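Open the model in your viewer and keep the selection panel at hand. The stops below go from one selection to the next.

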Amino acid sequence: MTIPPDPASPPPLPGVDRLPADIPPPATLEARVIEALRARGVVRQPPASGRGGRHWRYDAAAAMVLLAVGAAAGTWWARPSVDLRPRFMLLLYPGTSPVLDATAEAATAREYGAWLGRLSAAGRAVSGDRLADGAAVVPPGAPATGSDLQGFFVITADSVEDARRIAAESPHADRGGVVVVRAIDTPR
Amino acid sequence: MSEDAGPDGPLIEAARRGDEWAFRALYRRHTPRLYAVVLRMLAWRRDEADDVVQETWMRAAAGLGRFRGDAAVATWLTGIAIRCALEALRRLSASAPATTSDLDGTATEANEPPIDLERAIAGLPDGYRTVLVLHDLHGYTHAEIARLLEVDAGTSKSQLFHARRAVRARLGAVTAEIVS
């Protein structure tokens, strides 16, 4: 096949750079993949209790930390915001949380405290909380997409990259958790 | 290619130990990109794309022990996905030869891409479409494409030339229909 010289090559297609680089897969595909991995003995099914003990222990530590930081900061997430920068949600999903002993829980508390303290001092933290286990699904029988969400923060940031950097510095990400960053679309 | 510098290392280590949560985290982090590449390579045949993505994760799981971190996890996974998609294209081509001269011949109504440009790309012959998707939509260089497709870089450039021209022709025809 003849190779055309570069000057004659058609320029990039208009609009191609606006096509999404990511396309969400069907919601059912994750379960199918995990089931296939289980069938091959590649992954271990978590305990029947759901998240498993070690995750629960991590959640418990995180919850204590959030409560402690909230109390220490007084109205940390009740403070009215005048920040007009874009807001983002940091959605906390389970990852590879380590088993936490008492020493580790104390360290986790210090890490959350330091991280939230920095955000609060910079006026970036708006709210946050931990979610309880379990989810009600409507209509009954529909897939409980996102039911393993563990908690969330709402922050202000200059851009999605800035929000992503904040998320990457969070103790949750440090400990192997997955943080999904979503822009809040409602203007203020 | 741009790389996601997320903390994949601990997840990979945990996945090697068979931790399901780690696999789920890796899946959620990387599958939207894998799915986009595969779906486009397969001209929006969704059922086949699902199969290819599943096979990608099976092979990735089998290869975790050999993954040494020389490449980013995203690059490694995408390479596996592209190879799986190429195999699927060969199977599909063998079972139902495509009418490669017909730009409408590939995408079926059930798998209709959402916009004209995607539709025009989906209608390309397999070889043109693969190169255009990898180069123009997902940032691969001709050298990288040449390695993945086991062709030389000149072939990749030539395929891209013809692919872009065919898409422009297709979009021009659509525009002409609308105007008339």
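**Stop 1: the interface**

Select chain B together with chain A: the count between them is 6 salt bridges. Keep in mind that this is a predicted model. For one of the salt bridges, show the side chains of D51(B) and R32(A), which meet at 2.4 Å, N to O. There are also 13 residue pairs in polar contact between chain B and chain A, with both residues at pLDDT 80 or more.

Next, colour chain B by helix. On the side of chain B that touches chain A, the elements that give two or more residues are α1 (8-16), α2 (20-41), α3 (46-63), α5 (116-122), α6 (126-137) and α8 (153-179) of chain B. Of these, α2(B) gives the most, with 16 residues.

For the totals, select the contacting residues on both sides: 50 residues of chain B are in contact with 48 residues of chain A. The two chains bury about 4,400 Å² between them, and 62% of that area is on carbon and sulfur atoms.

**Stop 2: chain B alone**

Chain B has 8 helices and 0 strands, in the order α-α-α-α-α-α-α-α along the sequence. Chain B has 180 residues, of which 54% count as buried. Of the contacts in chain B with a separation of 6 or more, 63% are between residues 24 or more positions apart.

**Stop 3: helix α7**

Select residues 142-149 of chain B, which form helix α7. Which residues of this helix are buried? They are H142(B), I145(B), A146(B) and L148(B). These four lie on the same side of α7(B), because they cover an arc of only 165° around the axis. An α-helix has 3.6 residues a turn, so residues three or four places apart point the same way.

Then step to E150(B), which follows α7(B) and has a positive phi, near 60°.

**Stop 4: R90 in helix α4**

Move to R90(B), in helix α4 (residues 73-95) of chain B. Is R90(B) buried or exposed? R90(B) counts as exposed, because its relative accessibility is 55% and the cut-off for exposed is over 50%.

Technical notes:
Residues are numbered from 1 along each chain as its sequence is written. Chains are lettered from A and ligands numbered from 1 in the order in which they are written. This is a predicted model: local features need pLDDT of at least 70, side-chain atom pairs count only at pLDDT 80 or more; totals for chains, interfaces and linings use all residues. Side-chain values use heavy atoms; hydrogens and water are left out. Buried means under 20% relative accessible area, exposed over 50%, partly exposed in between (1.4 Å probe, protein chains only). The arc is that of the directions from the helix axis to the C-beta atoms. Contact means heavy atoms within 4.5 Å. Buried area is the accessible area (1.4 Å probe) that two parts lose on being put together, summed over both. A salt bridge is a side-chain nitrogen of Lys or Arg within 4 Å of a carboxyl oxygen of Asp or Glu. A polar contact is a pair of N or O atoms within 3.5 Å; within protein, one must be able to donate a hydrogen and the other to accept it, and residues adjacent in sequence count only if both atoms are side-chain atoms.
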